[in-house]
Amino acid sequence: MPLTDQDCLAETLAFNRQFEAAAASRPARGRALDADLLARLRRNRLAGDAPPVRLPQGRDRVVAGGVRVRTFVPAGPVDGVYLHIHGGGWSFGSADGQDERLWRIAEEVRLAVVSVDYRLAPEHPFPAGPDDCEAAARWLVEHAAAEFGTERLLIGGESAGAHLGVLTLLRLRDRHGIDGAFQGAHLLFGPYDLSMTPSQRAFGSRRLLSNTEALQGSYESFSPGTGTEERRSPELSPLYADLAGLPPARIVVGTEDPLLDDSLFLAQRWRAAGAPVDLEVVAGAMHGFTLFPLTITERQFAREREFLAAAGR
């Protein structure tokens, strides 16, 4: 398993230790999120203790089927549209949670960025979130040329958003016969097997951003009443789906992420299905590392922009 960013390993591991030490003084996150914790997570920036920064460049809209999206469109012609799906365990996070990063992508890559404000569990469990992402993607397939002046479409997300991104591509193919509309998928540290891969089960209780118990709780909230075998359905776990016809992908995960196997296994199956895959395993990185001010974060953002600029060319 080749690793990237080994020259940053000391910094990355030192940050992990600091994060764990700080987490030890806070109440442990159990399998079920209590109402107060869920409210705080929804109010604040992902992995932070302050509300996200909303930029004036973002525009909130409602598109087909009543789905809410937030758009960022730079001045002048654009080179494509990036459908972004946020993370947060399907239960928190929002389309306005990463305005600074999404506006930077819009400006530097010359993309219109459309971020989906999909419905959240537990109030709206499966299939609500995937339904909203599917509706937003279909709207783009039908209206991107008229709305943004381009038919070049890209998709991506982080964590739960990466999972929803893959489900969206599969739904477009299987439900609507839409192949090839999206020309690249950018997938950061996603959970692709909700029945739990070996790395998920073995990770244990380390107080990093995610661990075994936190993942179990997220799955129970997102897909209540389902057992292990039911969660292996391709409708829930894209690792078990036929991946034929999907676009080139960039798949990223860290070595200290309980979802490590998910990315390794998905990349192997994606490649076996016939599409190019750039798999990147970041030395020492924990789940959600791009939320923090690290050298590896800036490198990832640069590589993300390079991928989005080149995909489908």
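This note walks through the sheet of a predicted model and the helices around it.

1. Basis. The model is predicted: local features need pLDDT of at least 70, side-chain atom pairs count only at pLDDT 80 or more, and totals for chains, interfaces and linings use all residues. Residues are numbered from 1 along each chain as its sequence is written, and side-chain values use heavy atoms, with hydrogens and water left out.

2. The sheet. Eight strands form an open sheet with mixed pairing. Their order is β1-β2-β4-β3-β5-β6-β7-β8. Strands (E, at least two residues) and helices (H or I, at least four) are DSSP runs, numbered from the N terminus. Two strands pair if DSSP finds at least two bridges between them.

3. The edges. β1 (59-63) and β8 (277-286) each have a single partner strand, so one side of each is left without a neighbour in the sheet. On average, neighbouring strands of this sheet are turned by 20° against each other, direction ignored.

4. From β5 to β7. β5 (residues 153-158) and β6 (residues 182-188) pair in the parallel sense over five bridges. Here I155 stands opposite A185 in β6. β6 and β7 also run parallel, joined by four bridges. A185 stands opposite A249 in β7.

5. Which residues make up β7, and how many of them are buried? The strand spans residues 249-256, and seven of its eight residues are buried. Buried means under 20% relative accessible area, exposed over 50%, and partly exposed in between (1.4 Å probe, protein chains only). Seven bridges link β7 to β8 in the parallel sense. V252 has E280 in β8 as its bridge partner. With helix α8 (residues 260-272), β7 and β8 make a right-handed β-α-β unit. Right-handed here means that, with the strands pointing away from the viewer, the path from the first strand over the helix to the second runs clockwise.

6. Helix α4. This helix (residues 128-148) lies across β1, β2 (67-72), β3 (81-85), β4 (112-116), β5 and β6. α4 runs at about 160° to β3. Axes are lines fitted to C-alpha atoms, for helices over the stretch in contact, and angles run from 0 to 180 degrees between N-to-C directions.

7. α4 against α5. The axes of α4 and α5 (residues 160-176) come within 9 Å and cross at roughly 65°. The two helices are therefore roughly perpendicular (65 to 115 degrees). Contact (heavy atoms within 4.5 Å) involves residues including P130, C133 and A137 of α4 and L164, L167 and L172 of α5.

Notes
Angles under 35 degrees count as roughly parallel, over 145 as roughly antiparallel, 65 to 115 as roughly perpendicular and the rest as oblique.
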